[in-house]
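Q: Could you walk me through the features of this model, giving the general idea of each before the particular case?

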Amino acid sequence: MFELSQETTDALYAEGISLGIEIALRIFSALLFYFVAKFIAKKILAGLKRFLDKRDDAPSLNEFLYGFSKILLYAVVFVGVLMILGVPGSSFLAIFGAAGLAIGLALQGSLSNFAGAY
């Protein structure tokens, strides 16, 4: 049906091989980054948990800070993996910025109550 010359077929084959190698390297790099970043995030969260347990603040404030830190760290890992895979990170950063602003405004009253109590 389609008549391709040998040179065209060879060029397409070589391009496919180089593209496959590039994609495999990106996936490998993203997996390596994911596991290393997840390990580091778990260590940071464990240290934060120990620090928060030593403080004698309100347990609900400690849980809020721990949960917020956990979400923030895993969001950084998620964006990092997507950027390694080739997805533009600026759109994710804009989404996270807008979400952070919305969450901050929604929690403004609750956070002021925490701050006012101590």
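A: Let us begin with residue classes: Ala, Val, Leu, Ile, Met, Phe, Trp, Tyr, Cys and Pro count as nonpolar, Asp, Glu, Lys and Arg as charged, and the others, Gly among them, as polar. Sorted in this way, the lining of the largest pocket has 13 nonpolar residues, two polar ones and no charged ones. The model is a predicted one, in which local features need pLDDT of at least 70 and side-chain atom pairs count only at pLDDT 80 or more, while totals for chains, interfaces and linings use all residues. Residues are numbered from 1 along each chain as its sequence is written, and side-chain values use heavy atoms, with hydrogens and water left out.

Q: What volume does the largest pocket have, and which residues lie nearest its centre?

A: On a 1 Å grid over the protein atoms alone, a pocket is an open set of points with protein on both sides within 12 Å along at least five of seven lines, whereas a cavity is a set of points where a 1.4 Å probe fits but cannot get out; lining residues have an atom within 4 Å of a point. Grid points are joined across faces, edges and corners, and a volume is the space filled by probe spheres set on the points. Here the largest pocket has a volume of about 370 Å³, and of the 15 residues that line the largest pocket, F68, I71, L72, G100 and I103 lie nearest its centre.

Q: Which helix gives the most to the lining of the largest pocket?

A: Helices (H or I, at least four residues) and strands (E, at least two) are DSSP runs, numbered from the N terminus. In this pocket, α2 gives the most to the lining, with seven residues, and α2 and α3 (89–106) each supply at least two residues of the lining.

Q: How many salt bridges does the structure hold, and how should I read them?

A: A salt bridge is a side-chain nitrogen of Lys or Arg within 4 Å of a carboxyl oxygen of Asp or Glu, and the structure holds two salt bridges. In one of them, the side chains of R26 and E22 meet at 3.6 Å, N to O; R26 and E22 both lie in helix α1 (residues 6–54), four residues apart, about one turn of the helix. The side chains of K49 and E63 also meet in a salt bridge, at 3.1 Å, N to O.

Q: Which residues form the nonpolar patch on the surface?

A: Patches are made of residues with over 30% relative accessible area and no salt bridge, where like charges are joined within 9 Å and nonpolar side chains (Val, Leu, Ile, Met, Phe, Trp, Tyr) within 5 Å. Accessible areas come from the Shrake-Rupley method with a 1.4 Å probe, and for residues only the protein chains shown count as cover. The nonpolar patch is formed by L19, I23, I27, L31, Y34, F35 and L85, with about 640 Å² of accessible area together. Its largest share, six residues, comes from α1, while L85 lies in helix α2 and is partly exposed, with a relative accessible area of 38%.

Methods
Buried < 20%, exposed > 50% of the residue type's maximum accessible area, 1.4 Å probe, protein only.
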